[in-house]
Protein chains: 2
Amino acid sequence: MKTRMVFWGVIFMTFFMPVWAVFSGEKDGKVGDALSVIHNRKSVRSFTGEPVGRETLDRLLRAGMAAPTAVNRQPWAFIAVTNRKTLDSLAAGLPYAKMLHKAGAAIIVCALPDKAYEKKAEFAIIDSSCASQNILLAAEALGLGAVWTAAYPEKERMDFVRKTLNIPQDVIPLNVIPIGYSTGVDKPKDKYNPDNIHWDKW
Amino acid sequence: MKTRMVFWGVIFMTFFMPVWAVFSGEKDGKVGDALSVIHNRKSVRSFTGEPVGRETLDRLLRAGMAAPTAVNRQPWAFIAVTNRKTLDSLAAGLPYAKMLHKAGAAIIVCALPDKAYEKKAEFAIIDSSCASQNILLAAEALGLGAVWTAAYPEKERMDFVRKTLNIPQDVIPLNVIPIGYSTGVDKPKDKYNPDNIHWDKW
């Protein structure tokens, strides 16, 4: 009887553990397949208040810097904020970023026109947008929630973010991305619309 | 005895099937974990010449439309080109898109300022950039290669793409993304640079 229990115990653990890893989301590198993550990413605005560690933020920033840039100029910088007071100051001054009060961290993606191909702000904005999208996807992949709240192109908001975070005048704070653990209320939208597709010509 | 076999059969299938799905890799939607895809994505400029089917392109376009947009305006449209003559015409007129001759297809991501939040072109460009990044990642996830070749902000190139593909004047062709099967020579770059990261303040 004992042998049989051990036998089934082993069988059960062998199969149960990877199953648990799949259904529990993030588990040491196993982070869901890429297309699922792309489709499951959602704008998370409701956070539990749990903090987000620097190691996790570093993984998000690494993902950001893996984005393509025009002529490989990498015209970007990232401010990762975990300081509670700073997060609350940002929340106070930004109309659509009140969820920062409950977020564990924030990443501000900055576009650097001076480093961009032909010093064009357009390339800095586009390249930094791709980096931001990578960060949003990496957050989803790691079981976190995030949302793009715009600073650019609103002059007042950019000035406020620059002032609060000591950002130089020639740097464009593109967005403020609150990051944290989702309460689960935010769900992905199905935005597929075949009318947006043209085959071969407009 | 029969009842017991059925019982264990059910337990076994319940746990074995998801395990099999995990370890079998790409299998009808199983396409590699998201962080690996983000880091393995590379600008692929060397293609085998194999065609790319509409079903595959549809999967890329679905990924594109899963990107976030300011106030959910979805200010975008997509032209998916598989016609050989059209691909060659685009290659002929675009200085950095000669690889279209060997690509199996191309996607042109178009930004629609009129549909964007507050009708701002900036939002249309940013939202379409995020969609483009999703397309590049989905291509990598599905074993394809792709590369962003810019149309915007170069007036001449935008005009040429508009003319070739019959795109209305108020629509911005953001890029031309050649898509195909990679010969394998293009490799991802490690662009991680800790100097780009600021903690809490600039």
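Two strands count as paired if DSSP finds at least two bridges between them. Keep that in mind for this predicted model.

Start with the strands, then. Strand 1 of chain A, residues 76–81, is joined to strand 7 of chain B by three bridges. The two strands run parallel. Because pairing asks for at least two bridges, these three qualify. Take one residue: A:Ile79 has B:His198 as its bridge partner in strand 7 of chain B.

Now the whole interface. Chain A puts 85 residues into the contact, and chain B puts in 86. Together the chains bury about 7300 Å². Carbon and sulfur atoms account for 65% of that.

Next, polar links. The rule gives 26 residue pairs in polar contact across the interface, both residues at pLDDT 80 or more. There are two salt bridges between the chains. In one of them, B:Lys120 meets A:Glu154 through their side chains, at 3.2 Å from N to O.

What builds the side of chain B that touches chain A? Elements giving two or more residues include helix 1 (2–23), helix 3 (54–64), helix 6 (155–165) and strand 1 (76–81) of chain B. Strand 7 (197–199) is also among them. Helix 5 of chain B has the largest share, at twelve residues.

Last, composition. On that side of chain B, 52 residues are nonpolar.

How values were computed:
Residues are numbered from 1 along each chain as its sequence is written. Chains are lettered from A and ligands numbered from 1 in the order in which they are written. This is a predicted model: local features need pLDDT of at least 70, side-chain atom pairs count only at pLDDT 80 or more; totals for chains, interfaces and linings use all residues. Side-chain values use heavy atoms; hydrogens and water are left out. Contact means heavy atoms within 4.5 Å. Buried area is the accessible area (1.4 Å probe) that two parts lose on being put together, summed over both. A salt bridge is a side-chain nitrogen of Lys or Arg within 4 Å of a carboxyl oxygen of Asp or Glu. A polar contact is a pair of N or O atoms within 3.5 Å; within protein, one must be able to donate a hydrogen and the other to accept it, and residues adjacent in sequence count only if both atoms are side-chain atoms. Helices (H or I, at least four residues) and strands (E, at least two) are DSSP runs, numbered from the N terminus. Ala, Val, Leu, Ile, Met, Phe, Trp, Tyr, Cys and Pro count as nonpolar, Asp, Glu, Lys and Arg as charged, and the others, Gly among them, as polar.
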